[in-house]
Amino acid sequence: MTAQLRRLTGPAPRPALLAAAQRLIPVFNELAAGAVAREADHVIDHDAIDRLRAAGYTTLRIPTEFGGAGLGLAEFYPFVIELGTADPNLVQALRAHLLCVEQLLVAPQDERRARWLHRIGAGAVVGNAVTEVDNRAGQVTTRVSHDGDAYRLDGTKYYSTGSLYADWIQVHAEDEEGRSVWAFVPSDAPGVTMTDDWDGFGQRLTASGTTVFTGVPVAADEVVPSPYSTAASHAQALAQSVHLANLAGIAQSIVRDATAYVAGRTRSYSHANTPLPRHDPQVQQVIGELSAAAYAARAVFLAFVDELAEVQHRVAAGIATDDDYTAIDISAYQAQLAIAPSVLRAATQLFEVGGASQTSRARGLDRHWRNARVLAQHNPLIYRARLAGSHLLNGGHRAVQYTVGTAPGAGAAAATATTSSSAAAAAPDSGFPVGS
């Protein structure tokens, strides 16, 4: 068994898990080989998503009766790490899709849930359009209004992560009475205009740009009420889990690229210990430390996933408690605080194994720090550290929902305009409601 296969399946996988890994490993390797060129040329690669879709990545969590692989959460996340190792842009581009699937898995057993599980099981990919420019206090200006027996959608969204790759877009809006709703529209519907104008220095190929909706027709059964709720949930932990998996994948790619660079290098230095860098004990030390950082990031993340999977199971069974939600929220913060700084340090330490040639744009090694930095930036570490410490000292933490652009105590106006009880609104590309 190869190391890559073992990372995805463990030593004794069940047949469905093994089959999924065997389908996806060649795709991951192809995507890894083209990652530097895609970023250098700024290629929004629809073919990459199509290859992942065809190999079953987008349906790994979909139950078998709906056309998916039916993997458990703990079985699934190594695949997210592996895609992050190949190209973290693609993990982020599909983050909204992955969270949409988790939403459906714990949703009520109704016709809408079945319709969407069948739709995704057949290959549909979902993107999102949640956040608006300068939306202080959770303000939402995107509107759905009645248009005969259906609706029309009008508004502008930014940070529409992954929507350029998607077949469907989930849009947060308000109806004519000012109530919060989700509208689901085909990405190629008339009146939908998507622009790749995200200008971040990392995660450049996630299609996290502007989407404009101008009189977009929306079917009546694709508008879902989404009333604000302060009820506790595991949504924030779930949304953060994709970022953490992606960071663990970047850590693995740092080790891969540093090792390949040193192994192929024949030029040394006047102060070096050996003629070949790969024999130099100081260079070996750096590679070893990078590998330890990657090992630790993966181990911490997978331990967190075990906790998250148990909470997800309890949510689906209808027995989750506020204590469950609080515990998984704090675990998410602790995992974030352990993983993100370590990966960022590794992305800098990577450059200790070579000279100026290591900074060549053709190698693209700077992308690891840039991508990791942007991922870590979604939810500021200083606040996560404070929340974890405050809870340990004083208790009282509740896993309630965040409001975009609003500090605590901003008033009821923000509450009525914020996203639903499970929207991960702390991040600009905030994801999907879970269990709404």
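1. Helices here are DSSP runs of H or I with at least four residues, and strands are runs of E with at least two, both numbered from the N terminus. With that settled, His42 sits in the loop between α2 and α3 (46-54). Its phi is near 50 degrees, a positive value in a residue other than glycine. His42 has 36% relative accessibility, so it counts as partly exposed. Bear in mind that this is a predicted model.

2. Tyr159 is another one to look at: phi is near 55 degrees, again positive and again not a glycine. You'll find Tyr159 in the loop between β3 (150-157) and β4 (168-174). Its relative accessibility is 26%, so Tyr159 counts as partly exposed.

3. Now the helix pair. The axes of α2 (residues 15-41) and α4 (residues 73-86) come within 8 Å and cross at roughly 15 degrees. Angles under 35 degrees count as roughly parallel, and α2 and α4 are therefore roughly parallel to each other. Their crossing is right-handed.

4. Who touches whom? From α2 come Leu17, Ala20, Ala21, Leu24, Phe28, Leu31, Ala32 and Ala35, and they meet Glu75, Phe79, Glu82, Leu83 and Ala86 of α4. Sorted by class, that contact has 11 nonpolar residues, two charged and no polar ones.

5. Zooming out, the protein has 13 helices and eight strands. Of its 436 residues, 56% count as buried. The accessible surface comes to about 17,500 Å², with 55% of that belonging to carbon and sulfur atoms.

6. Last, the contacts along the chain: taking those between residues at least 6 apart in sequence, 75% join residues at least 24 apart.

Methods. Residues are numbered from 1 along each chain as its sequence is written. This is a predicted model: local features need pLDDT of at least 70, side-chain atom pairs count only at pLDDT 80 or more; totals for chains, interfaces and linings use all residues. Side-chain values use heavy atoms; hydrogens and water are left out. Axes are lines fitted to C-alpha atoms, for helices over the stretch in contact, and angles run from 0 to 180 degrees between N-to-C directions. Angles under 35 degrees count as roughly parallel, over 145 as roughly antiparallel, 65 to 115 as roughly perpendicular and the rest as oblique. A crossing is left-handed if the near helix is turned anticlockwise from the far one by less than a right angle, and right-handed if clockwise. Contact means heavy atoms within 4.5 Å. Ala, Val, Leu, Ile, Met, Phe, Trp, Tyr, Cys and Pro count as nonpolar, Asp, Glu, Lys and Arg as charged, and the others, Gly among them, as polar. Buried means under 20% relative accessible area, exposed over 50%, partly exposed in between (1.4 Å probe, protein chains only). Accessible areas come from the Shrake-Rupley method with a 1.4 Å probe; for residues, only the protein chains shown count as cover.
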